[in-house]
Amino acid sequence: MPSRLLTVLLSVAFAMATLGATPAPAQAASFTDIGDSPFRSDIEWLAAEGITSGCGDGRFCPHGAVTRGQMASFLVRMFGYRAQPATDPFRDDNSNIHEASINRVYAAGITVGCASDRFCPDGVVTRGQMATFLARALGLRYGAGSDHFADDDDSKHETNLDRLFFAGITRGCASSTDHVCPNGTVTREQMAAFLHRSTYAQPIGPAGVVQVVKQPLTVIFTGPARFRGVTFSADGTQASHQASSGTIPAASSAADQTALVNGLRYAHLTSGPMAGTWVKVRSDLTTAMGRAPAPPPCTYQDVLTSRRAYNQFATTLMDTIYKLPSSYAPGDLVNTSSAALNSGYSIRSIIAADLRAMAMAARDAGRPIQVVSAYRSYTQQAATFDYWVSVGGYEHALLTSARAGHSEHQLGTTLDFTSMGGAAPWTYSDWASTPTGGWMAANAWRYGFVMTYPRGETATACYSYEPWHYRYVGKPTAAAVRDSGMILREAIWAAHGP
Ligand SMILES: [Zn+2]
């Protein structure tokens, strides 16, 4: 049931945030060159979070500069961006080690590059650029126009530098409290501090849900409040979990006021079951929330998947480990022609209405789609896999095809598409880069479909990138998965396990 996945996705995150006081940090990497850094604890936090592994040979290079490409990778590790753009946005980062991260940061709206279709990956990050990256990543809105610093009036980053000051992430450059040195280079140790401070007291709800109060101003955060792959609650669930862990302080005590001023640490909920109450925004929250259970490595096993009732189709875990029994054959199969598509393929009747709506929308957008595969029985999968073994060998077949019982096509809710009248989608270098494939990548979720095997996720998805392969999970779940930043396999595992 889609709404259950949605609920569980969220509650997993909240359980993670409240079970035990503080999650045990990973063993901090011990760098040999940070002994006299004023930001040593920030650097150790960065390493414990897995955001950095140093610059090699057990060193961190605290005074080294940060390139824009490195910055992209740091942001991806910290915020868990997963979405990829439909087309490659930059031409000067091809084959750069950070290209995948740069594309994700672009897709997340954190950067538009340094010029038309260029990112300048080797350029050095200035303090002003850092402010803009972080202000966008954190959705910071308040403090703009306060003109806190004297030396950034000509900087295009002034607004975001003011926002960072307001959020307590920077207090200026060391030389003077009213200077922020916008054109100064960000050193790696400073970056560690900026990123660490970004985890303090963040907004805990999307648009308008949470007020964070900072004396004497009342601030309404409007998000996005997304951290490390998990979206915050829209329904106040988080607040009630916080309450059960005993972190609601007495409202407006002197101590609270002090904390409010210094770090935006207390929140006043305006909706949901805890509306009207105060909660303490835990500084370890973003850390804890990132630790939803992750699926196991993609090994090749034949374990029956546990949620294999026909009405559990949205959360049936399918990968190289978990499979359906050979007897799984939905009884409500209908022809794809019932969904305003080419005939000759079978789908479950329960997906026909949303599939038809998607097909019509694609057509109306001038991007008509065509089905090239849908339901595949257990027997057909065995034949299909054997075919691919004969074409490319067993090892290759494992990555591009599924052994019998392991294919989502057996669910009757999964289809492969191509452009109307086009060639088979796998004959394109990247079907998602075509107008029709791009339309699907951007819009299929609106109709309840998820691209199960997105680009760059082979190790997690267990299969190579398949921009043509879409599985129906229903609209609420498709939206929840999209918001989570996780791929479907991760989202199902986080919510249900196997
Ligand atoms: Zn497929």
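Val-450 finds its bridge partner in strand 14, and that partner is Arg-471. This is a predicted model, and here strand 14 (residues 469-472) has both of its faces covered. Below is a quick tour of that strand, the core around it, and a helix pair.

**Strand 14 and its neighbours**
- Strand 13 (residues 449-451) and strand 14 run antiparallel, joined by 3 bridges.
- Strand 12 (residues 414-419) is also antiparallel to strand 14, again with 3 bridges; Leu-415 has Tyr-470 as its bridge partner there.
- His-469 and Arg-471 sit on one side of strand 14, Tyr-470 and Tyr-472 on the other, and all of them are buried.
- As a rule, side chains in a regular strand alternate between the two faces of the sheet.

**The nonpolar cores**
- The largest nonpolar core has 53 residues, and Ile-347, Ala-444, Phe-449 and Val-450 touch the most other members.
- Elements giving two or more residues to this core include strand 12, strand 13, strand 14 and helix 16 (475-484), while helix 17 gives the most, with 6 residues.
- Leaving out residues up to four places away in sequence, Ala-444 touches Met-358, Phe-449, Met-451 and Tyr-470.
- Another core, of 45 residues, lies apart from the largest one, and Leu-46, Phe-60, Tyr-106 and Phe-133 are among its members.

**Helix 2 against helix 7**
- Helix 2 (residues 40-48) packs on helix 7 (residues 188-197) at about 70°, with the axes 8 Å apart, so the two are roughly perpendicular.
- Helix 2 brings Asp-42, Ile-43, Trp-45 and Leu-46 to the contact, and helix 7 brings Glu-189, Ala-192, Ala-193, Leu-195 and His-196.
- By class, that contact has 6 nonpolar, 1 polar and 2 charged residues.

Key:
Residues are numbered from 1 along each chain as its sequence is written. This is a predicted model: local features need pLDDT of at least 70, side-chain atom pairs count only at pLDDT 80 or more; totals for chains, interfaces and linings use all residues. Axes are lines fitted to C-alpha atoms, for helices over the stretch in contact, and angles run from 0 to 180 degrees between N-to-C directions. Helices (H or I, at least four residues) and strands (E, at least two) are DSSP runs, numbered from the N terminus. Angles under 35 degrees count as roughly parallel, over 145 as roughly antiparallel, 65 to 115 as roughly perpendicular and the rest as oblique. Two residues are in contact if their C-beta atoms, placed from the backbone, lie within 7 Å. Ala, Val, Leu, Ile, Met, Phe, Trp, Tyr, Cys and Pro count as nonpolar, Asp, Glu, Lys and Arg as charged, and the others, Gly among them, as polar. A residue is buried if 20 or more other C-beta atoms lie within 10 Å of its own, exposed if 12 or fewer, and partly exposed in between; C-beta atoms are placed from the backbone. Two strands pair if DSSP finds at least two bridges between them. A nonpolar core is a set of buried Ala, Val, Leu, Ile, Met, Phe, Trp, Tyr and Cys residues joined through C-beta atoms within 7 Å.
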